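Colleague: I would like to go through this model with you. Could you put it on the screen?

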Amino acid sequence: MENLRIGNKSLIKDINRALVIREIRNKGPISRTQISKNTKLVLSTITKICDELLEQNIIFSVGEGKSTGGRKPINLVFNNNYSYIIGVKIEDKHIIMALTNLKPIIISTKVYEYAKRATFDTVHELLIKGISELVEEIKERNGKLQGIGIAVSGIVDQENGRLISSSLLGWKNINFKSIIKEKFNVSVYLDNDVNCYALAQKWFGKGKDNRNFVCVTIGEGIGSGIIIDDRLYRGAIGGAGEIGHMIINVDGRQCYCGQRGCLEAHASEGFIIEYVKEKTGKLYTIEQIIELAGKGDADSLEAIKIACNNIGYGLINVIMHFNPEKIIISGKEIKEKKFIISNILESMNENWFHKVGAYETKIEIDELSNEKFLLGASILVLSELLGEPIYKDKKTLINNI
């Protein structure tokens, strides 16, 4: 409670301003009168706040609304280009960065390649280089950088902006927040990459109309982001959603995480590649195996069927644990590969809720895209900017003006 601001006129004014900004951002074009009705704030207060926001270029007018008998009301909209955010996704062989506005919409991107399992020092140099170049682009636009959001694979201490451990990258205890803030003096937010993906789905994707859903990504690894009551659930240390490391076979294959029988060890792209190699003696890429399966190759089809069935069993555990309204399954080219989805659903529909007719969990299929990871990273920043200005150390849009 020590972090809370003191309740005074200044705090009340900031809360009211934040409320008005959110109303205009979410429902604009909107008139002052309608804002007053929606927020229950008196019209004189709304008028004063809006006049200040207009002067500061946070909002602008877009013409007149319909008249109900008197003067036509002036409609207001939020200025999404008032300032900018940098979203970052760190992968095992490259780093992707995006400059976004406050909607957020991606304005430009940068990609930097490096060797698999590169050290943090190597990636750190590219990270600083890319951010510096995007900062220069913001300056050319006469804009302001509001914050940097980073999506990374692994267990993340989101509160302190620290990567605790990433098996995929081979990194431990990397404090992104302090490293980047020291260089650029801007707010930095870090989260697990699939959490960022789930945020993007919640804001404007296939989960926008659902209060409870799980977003599952399938590829080199298998992860999930969990939304409960409209909020991202991170767990005690940011490790919630690591479904790739749930045990599905106690005597199963060795997983890189150190456990045996993990879902990833029996269902990831690596499992499919290794399984086909064991059966044929040939080393194919995952793209080649999927192509062979599409042509009816028995060994490729068998490997994919086993992996997909195992994913389905993993999703049964998710359904029984969280009883979500919806599961969003995302993977590369997944929409075009009907045999992948049919095999997942075949085993997943064995869940108890489905079998007894108690509840039918909706399934949505979505193409895995870097755009959603990057937008999710930007949403990490935007969520804070649009929050209530009640904490001393939280950089909301109100105290960043």
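Modeller: The axes of helix H6 (residues 193–204) and helix H13 (residues 370–385) come within 7 Å and cross at roughly 80°. This is a predicted model, in which local features need pLDDT of at least 70 and side-chain atom pairs count only at pLDDT 80 or more, while totals for chains, interfaces and linings use all residues. Residues are numbered from 1 along each chain as its sequence is written, and side-chain values use heavy atoms, with hydrogens and water left out.

Colleague: How are H6 and H13 oriented to each other, parallel or perpendicular?

Modeller: H6 and H13 are roughly perpendicular, a term for angles of 65 to 115 degrees. The axes are lines fitted to C-alpha atoms over the stretch in contact, with angles from 0 to 180 degrees between N-to-C directions.

Colleague: Which residues in H6 meet H13?

Modeller: Among them are Tyr197, Leu199, Trp203 and Phe204 in H6, and the H13 side includes Phe373, Leu375, Ile379 and Leu382. Contact means heavy atoms within 4.5 Å.

Colleague: How many residues has the largest nonpolar core?

Modeller: That core has 37 residues, and those with the most contacts inside it are Val20, Ile24, Ile35 and Cys50. Such a core is a set of buried Ala, Val, Leu, Ile, Met, Phe, Trp, Tyr and Cys residues joined through side-chain atoms within 4.5 Å. Buried means under 20% relative accessible area, with a 1.4 Å probe and protein chains only.

Colleague: Which element gives the most to this core?

Modeller: H13 does, with 7 residues.

Colleague: And what does valine 20 touch?

Modeller: Beyond residues up to four places away in sequence, valine 20 touches Ile35, Leu41, Ile46, Ile49, Cys50 and Leu53. A second, separate core of 34 residues includes Leu134, Ile150, Leu163 and Phe184.

Colleague: Let us turn to asparagine 16. Is it buried or exposed?

Modeller: Asparagine 16, found in helix H1, is buried, with a relative accessible area of 17%. Its contacts, leaving aside neighbours within four places in sequence, are Leu41, Thr45 and Ile49.

Colleague: Finally, how many helices and strands are there in the protein?

Modeller: The protein has 13 helices and 16 strands. These are DSSP runs numbered from the N terminus, with helices (H or I) of at least four residues and strands (E) of at least two. Buried residues make up 50% of the 401 residues.

Methods:
Angles under 35 degrees count as roughly parallel, over 145 as roughly antiparallel, 65 to 115 as roughly perpendicular and the rest as oblique.
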